[in-house]
Amino acid sequence: CTAENTEKTPGRELKSPVAVTPDNRPAGSPAPKAGVRVLVAYFSATGTTKPIAEYIAEAADADLFEIVPAEPYSADDLNYNDNGCRANREQQNNDARPAISGSIENMGDYDVIFIGHPIWWGEEPRIIDTFVETYDLSGKTVIDFCTSGGSGISQSESNLKALCPGDVTWLTGKRFAANADYEEIQEWTESLSLTE
Ligand SMILES: Cc1cc2nc3c(=O)[nH]c(=O)nc-3n(C[C@H](O)[C@H](O)[C@H](O)COP(=O)(O)O)c2cc1C
């Protein structure tokens, strides 16, 4: 999607549309609750989810981690019209766990984790399953978000709930359109009451 509202979100630049406070938070963005540390972890195969994740990180004053596949996805890998393409094969196999390049050393420091991804065949890409199984998310608050051509977040949320420890607190996730702007994302992030 190339639709861009130059009034509200010039280009897909993260910093330019928003005035920042001296501590680098967007103007009007409340401070996080004392002691709450927030991480936005995302996978974006074709770059659509990436700016959404960046906006959430800015709105929630969070750290950002890109889930990078150890083996990058080529255009052929993502050609869902080819039933044998890598992405399709992975989605057809609930046990597929594509490897992630890099890791989060200080996961224990975070209280709240946003997990972002595209929707592939109605649910989260299997590399997201790799992610949630790699780390101990016990006791954390987790929020799932996605971009898609139209499919919603609910199947991914229920899949991830089944893979995560039972004491995770789940806040309702959200699907964003490719052209979601910063205001929409800030409004949603604030509605989660991670901030005071
Ligand atoms: C293999 C594959 C399967 C997809 N399946 C769906 C789907 O079931 N429903 C949907 O709405 N979009 C589907 N899409 C579209 C992506 O969810 C959408 O383009 C998304 O915004 C891409 O995000 P990204 O650029 O961050 O990877 C699929 C895309 C691929 C590559």
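D61 sits in the loop that links helix 1 to strand 2 (63–66). Helices here are DSSP runs of H or I with at least four residues, strands are runs of E with at least two, and both are numbered from the N terminus. Is D61 buried or exposed? D61 counts as buried because it has 20 C-beta neighbours inside 10 Å. The cut-offs are these: 20 or more other C-beta atoms within 10 Å of a residue's own make it buried, 12 or fewer make it exposed, and anything in between is partly exposed, with C-beta atoms placed from the backbone. Between the C-alpha atoms of D61 and R37 the separation is 8.6 Å, and along the chain these two are 24 residues apart.

A word on the model. It is predicted, so local features need pLDDT of at least 70 and side-chain atom pairs count only at pLDDT 80 or more, while totals for chains, interfaces and linings use all residues. Residue numbers start from 1 along each chain as its sequence is written.

Now the overall layout. The protein has five helices and seven strands. Read from the N terminus, the order of elements is β-α-β-β-α-β-β-α-β-α-β-α. Of the 196 residues in the protein, 34% are buried. On contacts, take pairs of residues at least 6 apart in sequence: 75% of those contacts join residues at least 24 apart. A contact means that the C-beta atoms of two residues, placed from the backbone, lie within 7 Å.

Next, a helix pair. Two packed helices are described by the angle between their axes and the distance between the axes. For helix 1 (residues 49–59) and helix 5 (residues 182–191), the axes come within 9 Å and cross at roughly 50°. The axes are lines fitted to C-alpha atoms, for helices over the stretch in contact, and the angles run from 0 to 180 degrees between N-to-C directions. Helix 1 and helix 5 are therefore oblique to each other; the scheme takes under 35 degrees as roughly parallel, over 145 as roughly antiparallel, 65 to 115 as roughly perpendicular, and the rest as oblique. Their crossing is right-handed, in the sense that the near helix is turned clockwise from the far one by less than a right angle.

Which residues make the contact? From helix 1 they are I52, Y55, I56 and A59, and from helix 5 they are Y182, I185, Q186 and T189. Sorted by class, the contact of helix 1 with helix 5 has six nonpolar, two polar and no charged residues. In this sorting Ala, Val, Leu, Ile, Met, Phe, Trp, Tyr, Cys and Pro are nonpolar, Asp, Glu, Lys and Arg are charged, and the others, Gly among them, are polar.

On to the ligand. It is surrounded by 20 residues, and the closest are S44, T46, T48, T49 and P118. By class, the shell around the ligand divides into nine nonpolar, 11 polar and no charged residues.

Helix 3 (residues 126–134) comes next. Its buried residues are R126, I127, I128, D129, F131 and V132. What covers these buried residues of helix 3? The cover includes strand 1 (38–42), strand 3 (68–69), helix 2, strand 4, strand 5 (112–118) and helix 4 (154–163). E133 is also in helix 3, but E133 counts as exposed because it has 12 C-beta neighbours inside 10 Å. E133 and I143 are 10 residues apart in sequence, and their C-alpha atoms are 16 Å apart in space.

Two residues have a positive phi without being glycine. W121, with phi near 50°, is in the loop between strand 5 and helix 3. W121 is partly exposed because 14 other C-beta atoms lie within 10 Å. S193 has a phi of about 55° and lies in the segment after helix 5. S193 is exposed, with 10 other C-beta atoms within 10 Å.

Last, two loop positions. N93 is in the loop between helix 2 (86–92) and strand 4 (100–101), and counts as exposed with 10 C-beta neighbours inside 10 Å. The C-alpha atoms of N93 and S156 are separated by 15 Å, for 63 residues along the chain. G102 is in the loop between strand 4 and strand 5, and with 10 C-beta neighbours inside 10 Å G102 counts as exposed. From G102 to A70 the distance is 8.2 Å, C-alpha to C-alpha, across 32 residues in sequence.

How values were computed: A residue is near a molecule or strand if its C-beta atom, placed from the backbone, lies within 6 Å of it.
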